[in-house]
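Welcome! Please take a moment to look over the model shown here, and then read on for a guided walk through it.

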Amino acid sequence: MGRDLGREGQDYLSVICNHVGLTANPSLKKDIHGWDYFIEFPDHEKRHKSIDELPPPIECKVQVKATEKRDKKLQVKVSVLYRLVKTHLPAFMLFLEYGKSHNPECAYLLHIDEQLMGKVLKRVRELEAKGHGENLHKKAMTIYYGDESRLPSVTGLELKKAIEFYIPDGLNVYTKKNPVH
């Protein structure tokens, strides 16, 4: 029986989230909803505000892609990308590069930002114009990632810091600045 690298990557994400107090809720349906994990940060500590004035804790969706390749690109189903683009929540792709070990050697967190959203929506419109709108799950796009999205180490702490980097002012501000396209 061959190695199930995808499962290893998803399991690894769950473990490192647990190490830093993040809750990683797995999707019950494989790649149907565009994300593998719904990650929840813990409630904020009370800081000079009453509890009802605190902002909501960070929540986001993460699609995990595990690979043994080192070319910094992977084919991803358009249907998966489209679901990540259409969510109101912050969304990310976590690329884990493996060697022979069961622990990844490198991790890259790619934020689903406006530039990537535009590329995905353009591809969806092209496919729809060609009569393939109902078959997005059969089409793929190449997604590139690089050193700018590399985590300093493959740990829960670095993942947590990277997610917080993209959501510095909290979930309410993020969702107002980043409307769904």
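The paragraphs below go from the whole chain to a few individual residues.

A word on the ground rules comes before the tour. This is a predicted model, in which local features need pLDDT of at least 70 and side-chain atom pairs count only at pLDDT 80 or more, while totals for chains, interfaces and linings use all residues. Residues are numbered from 1 along each chain as its sequence is written, and side-chain values use heavy atoms, with hydrogens and water left out.

Let us begin with the overall fold. The protein chain has 5 helices and 7 strands. Here helices (H or I, at least four residues) and strands (E, at least two) are DSSP runs, numbered from the N terminus. Read from the N terminus on, the order of elements is α-β-β-β-β-α-β-β-α-β-α-α. The radius of gyration of the protein chain is 17 Å, close to the 16 Å that the globule rule gives for 181 residues, so the chain is as compact as a globular protein of that length. That radius is taken over C-alpha atoms, and the globule rule is 2.2 Å times the number of residues to the power 0.38. Along the principal axes, the C-alpha atoms fill a box of roughly 55 × 40 × 30 Å.

How much of the protein chain counts as buried? Of its 181 residues, 44% do. Buried means under 20% relative accessible area, exposed over 50%, and partly exposed in between (1.4 Å probe, protein chains only). The accessible surface of the protein chain comes to about 10500 Å², and 51% of this belongs to carbon and sulfur atoms. These areas come from the Shrake-Rupley method with a 1.4 Å probe; for residues, only the protein chains shown count as cover.

Contacts tell another part of the story. A contact means heavy atoms within 4.5 Å. Among contacts in the protein chain between residues at least 6 apart in sequence, 65% join residues at least 24 apart.

Now find strand β3, which spans residues 59–67. Lys61 lies in this strand and counts as buried, because its relative accessibility is 18%. Leaving out residues up to four places away in sequence, Lys61 touches Trp35, Tyr37, Phe38, Leu84, Thr87, Leu89, Pro90, Ala91 and Phe92. The C-alpha atoms of Lys61 and Ile39 are separated by 6.2 Å, although these residues are 22 apart along the chain. Thr67 is also found in strand β3, and at 5% relative accessibility Thr67 is buried too. Not counting residues up to four places away in sequence, Thr67 touches Leu5, Leu74, Leu96, Glu97, Tyr98 and Tyr145.

Past this strand, Lys72 sits in the loop between β3 and β4 (73–77). The phi angle of Lys72 is near 60°, a positive value in a residue other than glycine.

Next comes helix α2 (residues 78–86), where Ser79 is found. Ser79 is buried, with a relative accessible area of 19%. With neighbours within four places in sequence left aside, Ser79 is in contact with Leu136 and His137.

For a contrast, turn to helix α4 (residues 156–166), the place of Lys161. Lys161 is partly exposed, with a relative accessible area of 42%. The C-alpha atoms of Lys161 and Leu151, 10 residues apart along the chain, are separated by 9.2 Å.

Finally, how many disulfides are there? A disulfide is a covalent bond between the sulfur atoms of two cysteines. Here the term is applied to a pair of cysteine sulfur atoms within 2.5 Å, and by this rule the count comes to 0.
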